[in-house]
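Student: Could you walk me through this structure, starting with how it is divided up?

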Amino acid sequence: MRGTRKYPVNIGITCYPTYGGSGIVATELGLELANRGHQVHFITYSNPIRLDPGIPRIHYHEVEVSNYPLFQYPPYCLALASRMMEVAEAYDLDLLHVHYAIPHSIAAMLAQQMMAPQRRLPFITTLHGTDITLVGADPSYFPITKFSIEKSDGVTSISQDLKRQTIEVFGVTNEIRVIRNFINCDLYRPLADRTGAAAYALNGEKLLIHVSNFRPVKRVLDCIRILAEVRKHTPAHLLMVGDGPDRGPAEHLARDLKLASHVTFLGKQNHVERIIPLAHVLLMPSEMESFGLVALEAMACGVAPVATRVGGVPELIHHGENGFMEPVGDIPAQAARVVELLTDGGLHQRVTAAGRRRAKEEFSTEEIIPQYERYYEDVISRR
Ligand code: GMT
């Protein structure tokens, strides 16, 4: 009966299914929920990456957007809202959980309104970062982002810093629950030995790694410049994982600095948990990170993060203990940390052990997923 508590839940999850932190978090959340007995329905425009077929209790509903010639801009948000409503009706969804406010939150609100004559369909919006810091604060999206946050039945933020920014930028007054990103420490774990690194790093060079969507906010060119500095002191090879607008300029810079043979561009990879543990150090020189999921992935894998002190990163990395943070754009400072880690085995061992410990104690799926489950129960049971 509606209005009474019921578990497990039938949940509809919407996210950007391509490469990007929010899509990864949403997909892994869905997998973890299904593992715990919930029915999870992904409602997205393509099958989320990292989602292998045939997993029990995972369902996929594609959103098809008509390409009618009149539509210069196909109305994806409307197609999504219709699909959400159809799925909610057909599978008796208890809740929609959308990741990234724009436009998912508005689509959920429309689906909710279409369902209203039949029953209540609550929705939760999880804020990830650029939906607030970049896109949402763009004047053309500002009012609708604020509106969608205010209309959500529940709002979560992946860090305290993003919550603070959301309140500051949008002046919203509804509760924002901080539920931090999480990591499956059985999947993301250190390798007993790093011999696989030899496939990339010839002559026993140590590996640095960068993983991102190569957008300007990630400052991928800084990775190449850091490598150039590091190599003045110690041999190292850089693995660049991912793709996006700054890949071409990064390849160009590597050639200009005569580093092309010391950098490998791997492109988009589905199983980063197999690649990250090969490295000694992760570079995350971002201009902004609301959380910095890849730093958590690295910590779980026994790889030391050298990052920038921005956004929610200090909530994850304790400087000098389980990683390092330096100012944005300060190449010498970031490179110096990398050199320390590559040349001082004891320091590397201490930092990576502390990182793995922190990942397990504070950010493991066992720690975080129940927080989502409790929040779902809370939002579903509200009248
Ligand atoms: O910046 C990205 O990698 C993409 C973006 C997204 O929404 O897909 O990432 C944001 O969400 C991630 C998952 O919660 C966070 O780990 C990232 O820090 C955040 N990115 C930024 O704030 C720039």
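**Domains and overall shape**

Tutor: The protein is divided into domain 1 (10-182 + 364-381) and domain 2 (192-362), with bounds that come from an automatic or database domain assignment. This is a predicted model, in which local features need pLDDT of at least 70, side-chain atom pairs count only at pLDDT 80 or more, and totals for chains, interfaces and linings use all residues. Residues are numbered from 1 along each chain as its sequence is written, and side-chain values use heavy atoms, with hydrogens and water left out.

Student: How many residues does the contact take from domain 1 and from domain 2?

Tutor: The contact, meaning heavy atoms within 4.5 Å, takes 21 residues from domain 1 and 17 residues from domain 2. The C-alpha centres of domain 1 and domain 2 lie 30 Å apart.

Student: And what about the radius of gyration of the protein?

Tutor: The radius of gyration, taken over C-alpha atoms, is 21 Å, which agrees with the value near 21 Å that a compact globule of 383 residues would have; the globule rule is 2.2 Å times the number of residues to the power 0.38. The C-alpha atoms fill a box of roughly 70 × 45 × 40 Å along the principal axes.

Student: Switching topic, what percentage of the residues is buried?

Tutor: Buried residues, those under 20% relative accessible area with a 1.4 Å probe and protein chains only, make up 55% of the 383 residues.

Technical notes
Buried means under 20% relative accessible area, exposed over 50%, partly exposed in between (1.4 Å probe, protein chains only).
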